[in-house]
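User: Here is a model I would like to go through. Please take the packing first, then the rings, then the backbone.

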Amino acid sequence: MNYDYIVVGHGIAGATLAYTLRKQGQQVLVIDEPKANSASRVAAGLVNPVAGKRFAKSWLVDTLLPYADSFYDELEEKFGQQLFVHKPIYKVFSTIEEQNNWMAKSAEGNWSEYIGATYTQNTDPDPSVQDQFGGIMIKKGGYLRIAETLDLLLRDLQQANALLPERFEMEQLQLTEQGITYKNITARHLVFCEGWQVVQNPYFRWLPLQPTKGEVLEVQTQDFNPECIYNKAVYVVPVGEGRFKIGATYNWRQPDEEPTPEGEAELSERFKQITTQTYQVSRHWAGIRPAVRDRRPLMGRHPAHAQLSVFNGMGSKGVLMAPYLAHVFASALEGGTEILPDVHISRYYSLYYDYIKHHNPEL
């Protein structure tokens with residue numbers, strides 16, 4: 001079988017890239033080992049245009065957000081169901097210092113596009129909400145029903161005979177002058193979208209990606225306000241019928257996919273800092289994010305093997321970043337748009353050259 005592209009991995013990065021390449025008319029094969037607790041499936045799929053304790057607009061949000069909206073609208077039309085849920089995000093101030101920091105930050109520029117209101121005292125109509133210092137209501141937020149989206153895209157690949165549902169066997173990969181061969185398959189190009197497992201990839205393990213464990217709870221509570229997403233150290237996302245997703249923890253020391261009592265206790269305590277509502281834990285997941293040192297994705301061709309690329313490292317921002325960056329990368333692979341310097345792996349080429357000095361120079 002002959003293809004233009006093989007995409008290894010079908011999390012949010014691999015799924016959006018494969019869809020974009022196919023839309024451009026490329027012959028694409030996706031190789032993906034089915035896993036219920038992949039990082040993308042565990043995640044709540046949150047989109048937040050205002051990030052962090054420093055109250056900064058998310059990186060490149062003015063470009064990424066409109067493109068993501070359009071992309072998910074297209075998928076909703078294609079599959080005939082709602083996939084992206086638009087909801088405001090109530091960022092609850094934890095302290096009076098945090099409130100003061102925002103007041104100073106908001107005076108620096110026009111935030112009207114992304115901030116609907118600022119509150120300096122508790123204003124939530126739900127008396128159980130712990131917002132004595134107030135907060136800000138962030139517009140243009142929401143979440144992607146990410147597991148459903150990935151399942152629909154997988155089904156689309158299956159119907160097109162464009163999916164190989166198995167673990168990618170690196171020892172079966174051979175590089176040729178024309179591209180690559182894998183078992184009985186040939187392709188012009190191969191893109192690794194493996195998430196955290198790129199640290200085991202002999203061609204790209206030199207990239208500074210840190211596997212980061214994240215745990216997430218789903219709780220059931222009947223009387224909590226489902227009209228917005230709450231954010232106060234953790235997010236609380238209403239996912240329907242009295243169910244809320246709470247997450248996530250960050251653990252660099254235990255890069256495994258096993259839920260822990262410590263993770264459940266941390267998330268439960270954080271939830272209690274947002275609401276006094278009683279609740280029951282109905283599900284508990286753990287996954288591993290592909291976090292990057294400078295918090296920017298990793299995109300680009302291998303410095304020595306142009307038939308290999310990586311599209312990875314989106315961490316917790318994949319739902320927001322992936323659609324536009326997949327568009328840019330798909331164009332760049334065909335000689336069109338250049339990859340943004342902020343995300344091009346060339347910023348880490350010095351690590352590659354240091355790596356080959358001490359390892360196999362053929363890589």
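Analyst: Axes are lines fitted to C-alpha atoms, for helices over the stretch in contact, with angles from 0 to 180 degrees between N-to-C directions. Helices (H or I, at least four residues) and strands (E, at least two) are DSSP runs, numbered from the N terminus. The model is predicted: local features need pLDDT of at least 70, side-chain atom pairs count only at pLDDT 80 or more, and totals for chains, interfaces and linings use all residues. Residues are numbered from 1 along each chain as its sequence is written, and side-chain values use heavy atoms, leaving out hydrogens and water.

User: At what angle do the axes of helix 1 and helix 7 cross?

Analyst: Helix 1 covers residues 12-23 and helix 7 covers residues 318-333. Their axes come within 9 Å. The crossing angle is roughly 40°.

User: Which residues of helix 1 meet helix 7?

Analyst: Contact means heavy atoms within 4.5 Å. On the helix 7 side, the partners include G318, P323, H327 and F329. From helix 1 come I12, T16, L17, T20 and L21.

User: How are the planes of F192 and F204 arranged, and at what angle?

Analyst: Rings of Phe, Tyr and Trp (its six-membered ring) pair if their centres lie within 6.5 Å; planes under 30 degrees apart are stacked, over 60 edge-to-face, the rest tilted. F192 and F204 lie 6.0 Å apart, centre to centre. The pair is edge-to-face, at 65°.

User: Are F192 and F204 buried or exposed?

Analyst: Buried means under 20% relative accessible area, exposed over 50%, partly exposed in between (1.4 Å probe, protein chains only). F192 is in strand 14, and F204 is in the loop between strand 14 and strand 15. Both F192 and F204 are buried.

User: Which residue lies over the face of Y250?

Analyst: A charge sits over a ring if NZ of Lys or CZ of Arg is within 6 Å of the ring centre and within 35 degrees of the ring normal. K245 lies over W285, at 4.8 Å from the ring centre. Over Y250, at 3.9 Å from the ring centre, lies R289.

User: Which residues does the cis peptide bond join?

Analyst: Most peptide bonds are trans. Here omega is about -5°. The cis bond joins G247 and A248.

User: What is the relative accessible area of L60?

Analyst: L60 has a positive phi of about 60° although it is not a glycine. L60 sits in the loop between strand 5 and helix 3. L60 is partly exposed, at 32%.
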